[in-house]
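Please read it alongside the sequence and the coordinates shown here.

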Amino acid sequence: MDGKLLQVKDLKMHFPIKGGVFYKQINTVKAVDGVSFDVNRAETLGLVGESGCGKTTVGRAVLQLYKPSHGEVYFNNRNISEMHKAELRGTRRDMQIIFQDPFESLNSRHTVGAIIEEPFIIHKIGTPDERKKEVIRLLDRVGLTENALNRYPHEFSGGQRQRIGIARAIALNPKLIICDEPVSALDVSIQSQVLNLLIELQQEMDLTYIFISHDLTVVKHISDRIAVMYLGKIVEFTNADSIYQNPMHPYTQALISAIPRPDPLQKKNRIVLTGDVPSPVNPPSGCSFHTRCPYAEEICKNETPLLNSYTDADNNTHQVSCHFAGKFQYFVD
């Protein structure tokens, strides 16, 4: 685990559904159902999938914002899933999050200065004067001026608010940052600026990212490796270039085929999925993707495929959860 900052082993996050006269548990939402991966130091792991696949829940369970139903999370060689509250609080200064919505993630009653200073106050770092100097430095680092110090979040645009959120996230020099769709609520013209800022900060501060998104184009721009999720499970995991050039799981192939091309006249090998995403309350038996898969056979309905290693046409290794991985190759034009 020397080069690994984070290891997640068989993570499950099940939420009870309660109802009836006595408000007892009547069912379970299997939001995350057995996810395992590792993240190297100074690496960006992209976590992608459709809305409702469980990728945001994974990020929050890693940070222990949700207490996992099952599994272990090792951060910096320590099992944080077994830590007591006081011990976990000290570890959290090394693990931060950038939220999706820059309009909801900042306290509208606090000034920008107070928002960014709060992590220092919580962890009892520095004097008031030292904290103020550090807040000004952080504002400058994310592209904002000292004038922002005494203003309120509603006075800023979406992109500026997200920069404030980033300044708060990097305040304590963390090792890991969960980026939960940090640009999905921003205009396209602003997205690239925020992405470039994140890349610059990673290089300067030796940061490790888990970048959660449904936008495969954005994920490709920033990620070293990519894990594709479907219905609470990882179905394919490999490096960023390989997953775009030689996707091996039918679901990944469908996602890649849906990426818009700059040239509208260029022909595409488009894969159109039929049906709706099944409910995580009652997932299908066997392979969870078999109800929408164009290649599904009888074995897919009855046996759950394991996440095994396969080699693509360019000799790159993919972890794929499919009985027929590699049999139906999809090549990007």
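Arg225 is buried, with a relative accessible area of 19%; the cut-off for that class is under 20%. The structure discussed here is a predicted model.

**Helix 5: extent and burial**

- Helix 5 covers residues 158-170, 13 residues in total, and spans 19 Å from its first C-alpha to its last. This is close to the 18 Å expected at 1.5 Å a residue.
- The rest of the structure largely encloses helix 5, because 12 of its 13 residues are buried.
- The buried set consists of Gly158, Gly159, Arg161, Gln162, Arg163, Ile164, Gly165, Ile166, Ala167, Arg168, Ala169 and Ile170.

**Packing of helix 3 with helix 5**

- Two packed helices are described by the angle between their axes and the distance between the axes.
- For helix 3 and helix 5, the axes come within 8 Å and cross at roughly 25°.
- Angles under 35 degrees count as roughly parallel, and helix 3 and helix 5 are therefore roughly parallel to each other.
- The crossing of helix 3 and helix 5 is right-handed.
- Helix 3 contributes Val112, Ile115, Ile116 and Pro119 to the contact, while helix 5 contributes Ile164, Ala167 and Arg168.
- Classified by residue type, this contact between helix 3 and helix 5 comprises six nonpolar residues, one charged residue and no polar residues.
- An α-helix has 3.6 residues a turn, so residues three or four places apart point the same way.

**Packing of helix 5 with helix 6**

- The axes of helix 5 and helix 6 come within 10 Å, with a crossing angle of roughly 15°.
- Helix 5 and helix 6 are therefore also described as roughly parallel to each other.
- The crossing of helix 5 with helix 6 is right-handed.
- On the helix 5 side, the contact is made by Gly159, Gln162, Arg163, Ile166 and Ile170. On the helix 6 side, it is made by Ile190, Gln193, Val194, Leu197, Leu198, Leu201 and Met205.
- By class, the contact of helix 5 with helix 6 holds eight nonpolar, three polar and one charged residues.

**Helix 1**

- Helix 1 (residues 55-62) is mostly covered, with six of its eight residues buried.
- Those buried residues are Lys55, Thr57, Val58, Gly59, Ala61 and Val62.
- Gln64 follows helix 1 and has a positive phi, near 65°.

**Residues in strands and loops**

- Arg225 belongs to strand 9 (residues 225-230).
- With neighbours within four places in sequence set aside, Arg225 is in contact with Asp38, Val39, Asn40, Glu43, Thr44, Leu45 and Gly46, and also with Phe237, Thr238, Asn239 and Ala240.
- His70 is located in strand 4 (residues 70-75) and counts as partly exposed, at 41% relative accessibility.
- The contacts of His70, apart from neighbours within four places in sequence, are Asp10, Leu11 and Lys12.
- His70 and His14 are separated by 56 residues in sequence, and their C-alpha atoms lie 8.6 Å apart in space.
- Asn77 is placed in the loop between strand 4 and strand 5 (78-79) and is partly exposed, with a relative accessible area of 44%.
- Asn77 and Thr111 are 34 residues apart along the chain, and 37 Å separates their C-alpha atoms.

**Positive phi values in loops**

- Most residues other than glycine have a negative phi, and most peptide bonds are trans.
- Tyr23 has a positive phi, near 50°, and is not a glycine. Tyr23 sits in the loop between strand 1 (4-19) and strand 2 (24-40).
- Is Tyr23 buried or exposed? Tyr23 counts as exposed, at 56% relative accessibility.
- Lys124, likewise not a glycine, has a positive phi of about 55°. Lys124 occupies the loop between helix 3 and helix 4 and is exposed, with a relative accessible area of 75%.

Key
Residues are numbered from 1 along each chain as its sequence is written. This is a predicted model: local features need pLDDT of at least 70, side-chain atom pairs count only at pLDDT 80 or more; totals for chains, interfaces and linings use all residues. Side-chain values use heavy atoms; hydrogens and water are left out. Helices (H or I, at least four residues) and strands (E, at least two) are DSSP runs, numbered from the N terminus. The expected span of a helix is 1.5 Å times one less than its number of residues. Buried means under 20% relative accessible area, exposed over 50%, partly exposed in between (1.4 Å probe, protein chains only). Contact means heavy atoms within 4.5 Å. Axes are lines fitted to C-alpha atoms, for helices over the stretch in contact, and angles run from 0 to 180 degrees between N-to-C directions. Angles under 35 degrees count as roughly parallel, over 145 as roughly antiparallel, 65 to 115 as roughly perpendicular and the rest as oblique. A crossing is left-handed if the near helix is turned anticlockwise from the far one by less than a right angle, and right-handed if clockwise. Ala, Val, Leu, Ile, Met, Phe, Trp, Tyr, Cys and Pro count as nonpolar, Asp, Glu, Lys and Arg as charged, and the others, Gly among them, as polar.
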